[in-house]
Each structure stands twice: as C-alpha cells, then as structure tokens.
Amino acid sequence: MLVLPIIGAGGHTPMSVLLSDYDYSLPEERIAQTPIEPRDSARLLCVNRTSGSLTDRVFRELPELLSPGDLLVLNETRVSALRLFGVLPGGGALEALILRPAIERGETVYEALVRPGKKVRAGTRIDFSDAGLLAESIGEASGGGRFLRFLGSDDVSGALEKAGRVPLPPYITEALENPERYQTVYAKTPGSAAAPTAGLHFTPQLLEKLQRQGVGVAKVRLDVGLGTFRPVRVDDVTQHEMHAETFSVTENTAKSVNSCAGRVIAVGTTSLRALESAARLAKPGERVSARAGATDIFIYPGHEFRAIDGLITNFHQPHSTLLLLVGALVGCELLKASYNRALAEGYRFLSFGDAMFIH
C-alpha cells in the first residue's frame, strides 16, 4: 500500500464560508447522556438531498432504505485511550489521557495528553496510585502531548486497562456502566481517543440482515483524535487549522468502492473523511485509491465530493467541523431545516444521540 504524508484540505471552490451561517442553539437537555438500548432503536432522520424531504424513521428500519448493490463503509477503529488521575510531586492533581503505546521508545512508554501540561517537564514523576503505577515524563509528543515511561510494573497494559476510565466526550457527564457501549460492534484496530459514533447504532443482527439482502460492507480505519471536539473559533472557516489523524483505505476496500453498482454510503464523518482523503490521487474512472498515512482534510461547504453518495451520521455540536461537513453535503438551508426538525421532534443529540441518513 502506498503510504503518504498528511493530505491537506483541497477540493473546495474559492468562496467565503462563514461559521455564523452554520450555527444553531443546542439546549443542554437535548444532549444524550446515556446510550439507547437496544442500539438500533435510535431514531433516524432521513434527509433526501434531491427533494429536500425529511422523514422520521427508526435505525433498525435501515434495510428498507437501502438497496442491493449499495455499499456501507464502516470505520473499524477501536477506542483505546484511557483516562487516569495522578498526583504530581508536591501534591498537585493531574489528569492524563493515555492515547497509545509508543513501542519505538520502549516497551513501557505511552503517548499521553496531560493536564496541567505545563507542570510536566522531562523527568517529572507522576504517581498514579489508583492504578498502582508510577510514571516518568521522558519528553514531548506531537500536539502538546507527553511520552510517559511507566515504572515498577510487569504488566503496564493490564494495569491501565483495569484502572483507566473510558474517555467520554466532555459534554457527557453521566458515568457509563458498560464501556463497550462506547465501542462499535465491529471495532477492531486500537488507536482512537473517541468513538466513531454513527456506527454505535449497528448491531451484529442488523449488519447480517443488510448483507443478506445484498448490501455490501467495507471497512476503513481513521483513528479519531481529540481534535474532533475542538470548536471552530474563526468566523471565516477557511482560516481554521484542522487536526491530523491517521487513516487507512485498503486495496480491498478501494476495490469495493470503485466497483460499487449502487450507492457508496459512509457510516460516520470519519469514514467519509478517510474515503475523501483516498480520492485525492484516484486514477481516472475510479473513486478512490488505496491510501494510508495522515490526513488533515477539512470538509466544509464548497467541497467537491468524489467518493461517496450518502452519509449516516449523528447530530453534531454547534461551531464544529463535523457540522460544517454535513453542511457541505446537504447545503445550508437543508441543514437548518434538518436540525430544526430534529429539535422540534425531540431527537437526541451528539455521541449517544439519534442519527441522520443523508442520501
């Protein structure tokens, strides 16, 4: 597979895009605090881009909305980040988000985001007593992170798994009883700090039913970073600096997308970003090429979609890059109509909320 460096935004027509045109008011009580049970009982707002029609359905009815030959593209990344609480020398409290092992720096070294970061310089020791671990900062990582070497344990990964907490988004304040409910049922490859939440609505039975009726399933990987929660703070969105994330589109997935006889439907904005990144150097007559590397693709209104025909996604935060991505797909007016409908009809919002099917 061709491995490439960061892929920039691109794909936009010259235009001024104002964040204020893609904003809305989200009451706190509309933010879902717990996942719905069963997974596929979430509501589903169907948005027809051609007619502008809006239809209320339930997620388990998705087989009625898809046809043989359609292809669902899922992000198989798995949330592997863990939140720990520690104590600094002198007694100060510290919070660490353990992102991933940094094996190249040693078997017990992990990349982490720490807060307060200014107090953690190289050589600083952190006591994670709840986990029975002691760590030493051995240097800075990209994005303001730190490399932490864990000391005095023969099973660091086991201790982290036992003591670490699921790193839920900051707008979810209730505890999650079952950590697997913040994983998709097809999560496979560790690497994410957050879940690709559109996929949380699928059950194994629903996926099996879709495949029996001739709907294809392909997998991509995009490791979701914490930048996904970073709001856009400039009204001219073209000035926003996008975070980079690791992604992969395999030869098999590229073949499935390029040979798709129906619609290519991305499950989640992360799958869509992976596919659109893989479309950058596609050959004539193909939608995507096999790609792997890092992408900071920023999809906002004016983007020319090359890889997908539809999207399954949740309802997103105001001032977010994800809301702008949806706006790029449906247009400003239909986006407003969709969100107004969802607010008026009692849909649940954000990570544990209901979903949209844009087609």
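**Figure 1. The second largest cavity of the predicted model.** In this predicted model, the second largest cavity has a volume of about 50 Å³, and a search of the whole structure finds three cavities of 30 Å³ or more. The residues that line the second largest cavity are Pro-35, Ile-36, Arg-39, Arg-181, Leu-200, His-201, Ser-351, Phe-352 and Gly-353. Sorted by class, this lining of the second largest cavity comprises four nonpolar, three polar and two charged residues.

**Figure 2. The largest pocket and its lining.** The volume of the largest pocket is about 1,300 Å³, and of the 44 residues in its lining, Leu-113, Gly-225, Leu-226, Gly-227 and Arg-230 are the closest to the pocket centre. At least two lining residues come from each of the strands β7 (93–101), β8 (109–115), β12 (189–192) and β14 (245–249), and β7 gives the most to the lining of the largest pocket, with five residues. Divided by class, the lining of the largest pocket holds 22 nonpolar, 12 polar and 10 charged residues.

**Figure 3. The second largest pocket and its lining.** The second largest pocket has a volume of about 670 Å³ and is lined by 32 residues, with Ala-81, Leu-82, Arg-165, Val-166 and Pro-167 lying nearest its centre. The elements β5 (77–79), β6 (82–87), β7, α2 (156–163) and β12 each supply at least two residues of this lining. For the second largest pocket, β7 gives the most to the lining, with four residues, and β7 also gives the most to the lining of the largest pocket. By class, the lining of the second largest pocket divides into 18 nonpolar, six polar and eight charged residues.

**Figure 4. The aromatic pair of Phe-128 and Phe-150.** A search of the whole structure finds 11 aromatic pairs. Phe-128 and Phe-150 form a tilted aromatic pair, with 6.0 Å from centre to centre and 35° between the planes. Because Phe-128 lies in strand β9 (residues 125–128) and Phe-150 in strand β11 (residues 146–151), the pair ties together parts that are 22 residues apart in sequence. Both Phe-128 and Phe-150 are buried.

**Figure 5. The aromatic pair of Tyr-339 and Phe-349.** The rings of Tyr-339 and Phe-349 form an edge-to-face pair, at 5.9 Å centre to centre and with 75° between the planes. This pair links distant parts of the chain, since Tyr-339 lies in helix α7 (residues 332–344) and Phe-349 in the loop between α7 and β18 (355–358), 10 residues apart. Tyr-339 has a relative accessibility of 3% and therefore counts as buried, and Phe-349, at 0% relative accessibility, likewise counts as buried. Both Tyr-339 and Phe-349 belong to one aromatic cluster, which Tyr-24, Phe-315 and Tyr-347 complete.

**Figure 6. Charged ends of arginine side chains over aromatic rings, at Tyr-347 and at Phe-147.** The charged end of Arg-43 sits over the ring of Tyr-347, at 3.9 Å from the centre of that ring. Tyr-347 is also one of the residues of the aromatic cluster that includes Tyr-339 and Phe-349. In a second example, the charged end of Arg-105 sits over the ring of Phe-147, 3.9 Å from the ring centre.

Technical notes:
Residues are numbered from 1 along each chain as its sequence is written. This is a predicted model: local features need pLDDT of at least 70, side-chain atom pairs count only at pLDDT 80 or more; totals for chains, interfaces and linings use all residues. Side-chain values use heavy atoms; hydrogens and water are left out. Rings of Phe, Tyr and Trp (its six-membered ring) pair if their centres lie within 6.5 Å; planes under 30 degrees apart count as stacked, over 60 as edge-to-face and the rest as tilted. Buried means under 20% relative accessible area, exposed over 50%, partly exposed in between (1.4 Å probe, protein chains only). A charge sits over a ring if NZ of Lys or CZ of Arg is within 6 Å of the ring centre and within 35 degrees of the ring normal. On a 1 Å grid over the protein atoms alone, a cavity is a set of points where a 1.4 Å probe fits but cannot get out, and a pocket is an open set with protein on both sides within 12 Å along at least five of seven lines; lining residues have an atom within 4 Å of a point. Grid points are joined across faces, edges and corners, and a volume is the space filled by probe spheres set on the points. Ala, Val, Leu, Ile, Met, Phe, Trp, Tyr, Cys and Pro count as nonpolar, Asp, Glu, Lys and Arg as charged, and the others, Gly among them, as polar.
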